[in-house]
Amino acid sequence: MSKVGIIYWSSTGNTEAMAQAVEEGAKAAGADVEIMEVADADVDKALSYDVLALGCPAMGDEELEDTVFQPVFEACEPKLAGRKVALFGSYGWGDGDWMRSWEEKCQNDGVALAADSVICNEEPDDEAQTACIELGKAIC
């Protein structure tokens, strides 16, 4: 059984809803799952999982939230090479450039993206919820 950690940051609740759907999918696939806000995580906690699902919405000029999420991600980043990681998040403008940049950064660091990333515009609709559930299943 995979031990899956879902670590996210959410301002409006949209990315939190996505995290809960990822959790639903991972549990349905039989994984041991722990979900938490990034403020409750650190490098040791993040690296204790077999698989890590990270969620962060687009902020500013389509970038990761830089006061809480990005510092934790950057602290973990050098140690994620070879690990299974999945990414998800919501946005309110733009076209998903923050996610493409985040994926590229991970791939350049040797991170094994475990599944296609999931993004949604604003609140996750049924299609986005389903995609998050499938993401949760795929990472197990």
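Predicted model: local features only at pLDDT ≥ 70, side-chain atom pairs only at ≥ 80, totals over all residues.
**Entry 1: the cavity lining**

I started with the residues around the largest cavity, and I listed Ile7, Val38, Ala46, Leu52, Leu54, Phe69, Val72, Phe73 and Cys76 as its lining.

Helix 3 supplies the largest share, with four residues.

Then I sorted the lining by residue type. I got nine nonpolar residues, no polar ones and no charged ones.

**Entry 2: cavity count and volume**

How many cavities of 30 Å³ or more does the structure hold? I counted one. For the largest cavity I noted a volume of about 60 Å³.

**Entry 3: helix 1 against helix 5**

I moved on to a helix pair. Helix 1 covers residues 14-28 and helix 5 covers residues 126-138. I have them packing at an angle of about 45°, with the axes 6 Å apart.

Are the two roughly parallel or oblique to each other? Roughly parallel would need an angle under 35 degrees, and roughly perpendicular starts at 65, so I wrote down helix 1 and helix 5 as oblique. I also checked the handedness, and helix 1 passes helix 5 in a right-handed crossing.

**Entry 4: who touches whom**

On the helix 1 side I listed Ala17, Met18, Ala21, Val22, Glu24, Gly25, Ala26 and Ala28. They meet Gln129, Cys132, Ile133, Leu135, Gly136 and Lys137 on helix 5. Glu24 in helix 1 and Lys137 in helix 5 are the charged pair on my list.

Definitions and conventions: Residues numbered from 1 in each chain as written. Heavy atoms only, no water. 1 Å grid on protein atoms, 1.4 Å probe; cavity = no way out; pocket = protein on both sides within 12 Å on 5 of 7 lines; lining within 4 Å. Points joined across faces, edges and corners; volume = space filled by probe spheres on them. Axes fitted to C-alpha atoms, helices over the stretch in contact; angles between N-to-C directions. Parallel < 35°, antiparallel > 145°, perpendicular 65-115°, else oblique. Left-handed = near helix turned anticlockwise from the far one by under 90°. Contact = heavy atoms within 4.5 Å.
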